[in-house]
Amino acid sequence: MFYEHIKGQRCEELVCSWLEQNGWKILGRRVKSPYAEVDILTSKFEGQNINETIKMIEVKSVSNRDYLFLRLSNRQRVRLHQALIYFSYKWKKDIELHIAFVDAKGSIEFFQLED
């Protein structure tokens with residue numbers, strides 16, 4: 001269990017580094033809502049103002065790319081969607097839910113999850 005936790009933190013670090021290198025600002029990590037803990041909240045800025053859309057990113061490590069979406073259970077999807085609605089209402093911003101898959105080589109693949 002400890003190894004999985006460390007691996008998860010490493011994957012989150014890789015995703016945050018990639019986002020920052022590509023012009024994204026990290027708004028929060030491991031942000032808690034009444035429904036789920038969100039791995040990463042990020043957005044781009046226009047001057048001093050945050051964009052209208054915030055990306056909520058769930059990070060998952062993968063060893064076999066054939067089974068990517070099995071890494072996110074239906075229960076997790078529901079809880080993340082509830083967190084999305086919660087934050088959207090709280091902050092009066094559009095929020096998109098994305099999943100970032102990180103493989104053992106550190107390659108990252110992003111997918112947007114629809115409602």
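**View 1: E13, a partly exposed partner in a salt bridge.** E13 has a relative accessibility of 44%, which puts it in the partly exposed class (buried is under 20% relative accessible area, exposed is over 50%, and partly exposed lies in between, with a 1.4 Å probe and protein chains only). This is a predicted model, where local features need pLDDT of at least 70 and side-chain atom pairs count only at pLDDT 80 or more, while totals for chains, interfaces and linings use all residues. Residue numbers start from 1 along each chain as its sequence is written, and side-chain values rest on heavy atoms, with hydrogens and water left out. The side chain of E13 meets that of R29 in a salt bridge, 2.7 Å from N to O (a side-chain nitrogen of Lys or Arg within 4 Å of a carboxyl oxygen of Asp or Glu). The pair ties together distant parts of the chain, with E13 in helix α1 and R29 in strand β1, 16 residues apart (helices are DSSP runs of H or I with at least four residues, strands are runs of E with at least two, and both are numbered from the N terminus). R29 is partly exposed too, at 29% relative accessibility.

**View 2: E12 and R30, another link between helix α1 and strand β1.** Here the side chains of E12 and R30 form a salt bridge, 3.3 Å from N to O. The two residues sit 18 apart in the chain, E12 in α1 (residues 2-21) and R30 in β1 (residues 25-32). E12 is buried at a relative accessible area of 7%, whereas R30 is partly exposed at 32%.

**View 3: a salt bridge between two buried residues, E58 and K60.** The closest N and O atoms of E58 and K60 are 3.6 Å apart. Both count as buried: E58 has a relative accessibility of 8%, and K60 has 11%. Searching the whole structure turns up six salt bridges.

**View 4: strand β6 with β5 alongside.** Of the 10 residues in β6 (residues 94-103), eight are buried, so this strand is largely enclosed by the rest of the structure. Strand β5 (residues 53-62) runs parallel to β6, and the two pair over 10 bridges (strands pair when DSSP finds at least two bridges between them). Within this pairing, I57 stands opposite H98 of β6.

**View 5: the β6-β7 hairpin.** Strand β7 (residues 108-113) pairs with β6 in the antiparallel sense, with six bridges. Across the pair, L97 faces L113 of β7, and H98 stands opposite Q112. Four residues lie between the two strands of the hairpin, and G106 in the turn has a positive phi of about 90 degrees.

**View 6: the five-stranded open sheet.** The strands line up as β1-β2-β5-β6-β7, and their pairing is mixed. At the edges are β1 and β7, each pairing on one side only. From one strand to the next, the twist averages 30 degrees (axes are lines fitted to C-alpha atoms, for helices over the stretch in contact, and angles run from 0 to 180 degrees between N-to-C directions).
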